[in-house]
Structures are given as structure tokens and as C-alpha cells.
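I keep these notes as I look through a structure that is new to me. The plan is to go from the whole chain down to single residues.

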Amino acid sequence: METPIPLRLKTARKLAGFTQQQLGMSLGMEPNTASARMNQYEKGKHTPDYQTMQRIAAELGVPVAYFYCEDELLAQLICRISSFSEHEQKALLNNIS
């Protein structure tokens with residue numbers, strides 16, 4: 001199975017309202033290479049290392065686990081639950097245990 005990172009990255013970037021260049025530049029990439037580098041990540045030609053994925057996740061406001069989750073429904077749940085408070089997350093966990 002292919003890595004879910006390229007699709008998830010493109011989806012999260014668009015939802016956050018970034019162009020590839022804007023996202024790359026916000027991560028500290030040079031303006032003249034930012035778009036190309038992000039495009040390579042979104043096309044699956046290169047995969048960002050975990051530290052870079054953490055920075056991308058923080059910039060886009062999604063948990064880093066979202067990018068690695070193979071199941072679409074679970075990926076959406078990860079995003080939704082990450083916005084809950086710790087108390088709400090614990091209550092949810094108790095309710096489904």
C-alpha cells in the first residue's frame with residue numbers, strides 16, 4: 001500500500017488555505033524552492049522526515065498521526081478528537097472502552 005502522506009498533506013494544506021509555496025515558506029524553505037519541495041512531497045517523490053512532518057502538522061493545525069493513518073475514517077477521527085480538550089478525550093475514551 002502506498003503511503004497516505006501525499007494525499008493527506010495536499011488535503012490538509014488546501015483546507016488550511018495555503019499554497020504549496022506559502023506552506024513551504026512558513027516552514028523556513030527558500031521562496032524559490034518552497035513550491036517545488038512541497039510539490040515533491042505531495043506527489044510522493046520525496047517523503048518528509050518525521051521532524052518535518054511535525055512542523056507541517058503544527059503549521060496546518062492537524063495532529064502528525066493524521067498524515068500516517070492509512071484509514072480515511074480513522075484519519076478524520078484523529079483530527080476531530082485532537083480538537084477536544086484532554087477532559088473530553090478522556091471522557092470519550094471511557095465511553096468507548
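**Entry 1: the whole chain.** I read along the sequence first, and the pattern of the protein chain is α-α-α-α-α-α-α. My count of elements is seven helices and zero strands. I note that the model is a predicted one. I looked up the extent next: the C-alpha atoms fill a box of roughly 50 × 30 × 20 Å along the principal axes. The protein chain has 97 residues, and 30% of them count as buried. I also checked contacts between residues at least 6 apart in sequence, and 45% of these join residues at least 24 apart.

**Entry 2: the annotated stretch.** I turned to UniProt, where an unreviewed entry lists "domain: HTH cro/C1-type" for residues 9–67. I then looked at what the model shows over residues 9–67: the chain there is 71% helix and 0% strand. The end C-alpha atoms of that stretch are 7 Å apart.

**Entry 3: the core.** Which residues have the most contacts inside the largest nonpolar core? I found Leu9, Met38, Ile56, Leu60 and Phe67, in a core of 19 residues. Two or more residues each come from α1 (5–16), α3 (31–43), α4 (50–60) and α5 (65–68). The largest share is that of α4, with four residues. As background, I note that nonpolar side chains in soluble globular proteins tend to be buried together.

Beyond its neighbours within four places in sequence, Ile56 is in contact with Leu9, Leu27, Met38, Pro48 and Phe67.

**Entry 4: α1 against α3.** At what angle do the axes of α1 and α3 cross? I read roughly 125°, and the axes come within 6 Å. On the α1 side, I list Pro6, Leu9, Lys10 and Arg13 as making the contact. On the α3 side, I list Met38, Tyr41, Glu42 and Lys43. Sorted by class, this contact has four nonpolar, no polar and four charged residues.

**Entry 5: Arg13.** I stayed with Arg13, which sits in helix α1. Is Arg13 buried or exposed? I find a relative accessible area of 7%, so Arg13 is buried. Leaving out residues up to four places away in sequence, Arg13 touches Phe18, Thr19, Gln20, Leu23, Glu42 and Leu60.

**Entry 6: Gln20.** Gln20 was on that list of residues touched by Arg13, and I looked it up next. Gln20 is placed in helix α2 (residues 20–26). Its relative accessible area is 14%, under the 20% cut-off, and Gln20 is therefore buried. With residues up to four places away in sequence not counted, I find that Gln20 touches Arg13, Ala34, Ser35, Met38, Asn39 and Glu42.

**Entry 7: Arg80.** I finished with a residue in helix α6 (residues 72–82), Arg80. Is Arg80 buried or exposed? At 60% relative accessibility, Arg80 counts as exposed, because the cut-off for that is over 50%. I also looked up Arg80 together with Val62: the two are 18 residues apart in sequence, and their C-alpha atoms are 9.1 Å apart in space.

Definitions and conventions: Residues numbered from 1 in each chain as written. Predicted model: local features only at pLDDT ≥ 70, side-chain atom pairs only at ≥ 80, totals over all residues. Heavy atoms only, no water. Core = buried A, V, L, I, M, F, W, Y, C linked by side-chain atoms within 4.5 Å. Buried < 20%, exposed > 50% of the residue type's maximum accessible area, 1.4 Å probe, protein only. Contact = heavy atoms within 4.5 Å. UniProt positions renumbered as here; feature names shortened; annotations may be inferred. Axes fitted to C-alpha atoms, helices over the stretch in contact; angles between N-to-C directions. Nonpolar A, V, L, I, M, F, W, Y, C, P; charged D, E, K, R; others polar.
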